[in-house]
Amino acid sequence: MTHRRVVDWVILIIILLIFNLPFVNVVMTSLKSNAVISKSPPPILFKPTIVHYRDIFTSPTFLFSKFLLNSLIIALVSATLTILICLPAAYSIVKIGIGSKVLFSFVTNLRAIPLIVFASSVYVLFKRLNLVDTRTGIIIIHMLVNVPIALSLLSSFMQDVPKEIEESARLDGASELQVLFRIVTPMISSSVAAVFILSFIYSWNEFLFALILSIKKATTLTVGASLFVTAWGVQWGRIAAATTLAVIPPFVFAFYVQKYLVEAFSGGLKE
């Protein structure tokens with residue numbers, strides 16, 4: 001390895017540490033004993049321990065496998081439903097012109113409103129529909145929150161599909177559904193995958209509605225970490241350990257599918 005390459009790697013590692021300093025601090029906290037965590041200023045060098053990881057796997061209140069399963073099901077289903085709704089909606093708006101002036105602006109502008117504004121009304125509505133503390137309820141609200149951004153991105157990607165290709169398919173007798181699913185969707189498959197990934201990551205990390213709409217059965221991993229905030233004190237070590245474990249699945253998922261994000265946002269269409 002040349003001297004220049006070593007310098008490049010050192011600079012890259014320093015930049016990564018700076019931009020990920022909050023997460024690095026969480027990981028370090030998860031490996032500290034309670035005595036070390038309470039020290040001020042916090043020490044940089046310390047003897048690591050896995051006692052907090054052992055505690056969250058043996059805690060009677062932190063049901064790790066159940067919370068992980070809830071997060072996985074909610075994120076996968078809500079992201080899938082978001083794609084199934086937004087794909088034909090974006091096609092109708094961009095290619096057919098249905099709702100392109102009023103409906104599109106109305107839906108996308110909804111995402112600009114702070115989500116906390118909807119919190120009380122969503123809880124009352126879901127309570128009447130018996131959707132509180134159910135995976136279905138959280139899936140529905142995550143899908144609704146994801147729709148404006150997904151619709152906006154898919155509409156933008158579809159505008160790059162040449163109209164001549166669609167017209168040729170229609171002249172050959174293809175219906176609008178066939179044009180959408182056999183012509184347009186394969187050409188923007190990387191963009192569809194990117195929107196799915198972003199929707200999955202949002203749903204996995206979402207805290208506000210997952211906290212409001214869950215009590216015990218539908219608790220997600222991120223909300224479960226808050227169970228270590230008790231009337232007797234805040235168990236920072238266990239919270240840090242639970243948060244570290246909660247970050248691993250979306251991090252690994254995003255690492256393996258990052259090529260779709262690069263392809264989508266570099267503007268490349270499939271031939």
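The side chains of Glu-166 and Lys-95 form a salt bridge, at 2.7 Å from N to O. A salt bridge here is a side-chain nitrogen of Lys or Arg within 4 Å of a carboxyl oxygen of Asp or Glu. Glu-166 belongs to helix 9 (residues 163–171) and Lys-95 to helix 5, so the bridge ties together parts 71 residues apart in sequence. Helices are DSSP runs of H or I with at least four residues, numbered from the N terminus. Both Glu-166 and Lys-95 are buried. Buried means under 20% relative accessible area, exposed means over 50%, and partly exposed lies in between (1.4 Å probe, protein chains only).

This is a predicted model, in which local features need pLDDT of at least 70 and side-chain atom pairs count only at pLDDT 80 or more, while totals for chains, interfaces and linings use all residues. Residues are numbered from 1 along each chain as its sequence is written, and side-chain values use heavy atoms, with hydrogens and water left out.

**Salt bridges**

How many salt bridges does a search of the whole structure find? The search finds six.

| Pair | N to O distance |
|---|---|
| Glu-166 and Lys-95 | 2.7 Å |
| Arg-238 and Asp-55 | 3.4 Å |
| Arg-170 and Glu-167 | 3.4 Å |

Arg-238 sits in helix 14 (residues 236–256) and Asp-55 in helix 4 (residues 51–58), so this pair connects parts 183 residues apart in sequence. Arg-238 is partly exposed, at 24% relative accessible area. Asp-55 is buried, at 16%.

Arg-170 and Glu-167 make a local pair. They are three residues apart in helix 9, about one helical turn. Arg-170 is partly exposed, with 24% relative accessibility. Glu-167 is partly exposed too, with 42%.

Which residues are linked in a network of salt bridges? They are Lys-95, Glu-166, Glu-167, Arg-170 and Glu-176.

**Helix 9 against helix 10**

Two packed helices are described by the angle between their axes and the distance between the axes. Helix 9 and helix 10 pack at about 145 degrees, and their axes are 10 Å apart. The axes are lines fitted to C-alpha atoms over the stretch in contact, and angles run from 0 to 180 degrees between N-to-C directions. The crossing of helix 9 over helix 10 is right-handed. That term means the near helix is turned clockwise from the far one by less than a right angle.

On the helix 9 side, the contact uses Ile-165, Glu-166, Ala-169 and Arg-170. On the helix 10 side, it uses Glu-176, Val-179, Ile-183, Val-184 and Met-187. Contact means heavy atoms within 4.5 Å. By class, the residues are six nonpolar, no polar and three charged. Ala, Val, Leu, Ile, Met, Phe, Trp, Tyr, Cys and Pro count as nonpolar, Asp, Glu, Lys and Arg as charged, and the others, Gly among them, as polar.

**Nonpolar cores**

The largest nonpolar core has 23 residues. A core is a set of buried Ala, Val, Leu, Ile, Met, Phe, Trp, Tyr and Cys residues joined through side-chain atoms within 4.5 Å. Which members touch the most other members? They are Leu-87, Leu-154, Met-158, Val-184 and Ile-188. Helix 5 (64–96), helix 8 (135–158), helix 10 (176–187) and helix 11 (189–205) each give two or more residues to this core. Helix 8 supplies the largest share, seven residues.

Met-158 touches Leu-87, Ala-90, Tyr-91, Val-94, Lys-95, Leu-180, Val-184 and Ile-188, leaving aside residues up to four places away in sequence. A second, separate core has 17 residues, including Tyr-53, Phe-67, Ala-79 and Ala-225.

**Backbone details**

The peptide bond from Ser-40 to Pro-41 is cis, with omega near -5 degrees. Pro-41 lies in the loop between helix 3 (34–37) and helix 4.

Two residues in another loop have positive phi. Asn-130 has phi near 55 degrees, a positive value in a residue other than glycine. Asn-130 is in the loop between helix 7 (116–128) and helix 8. Is Asn-130 buried or exposed? Asn-130 counts as exposed, at 65% relative accessibility. Asp-133 has phi near 65 degrees and is found in the loop between helix 7 and helix 8. Asp-133 counts as buried, at 12% relative accessibility.
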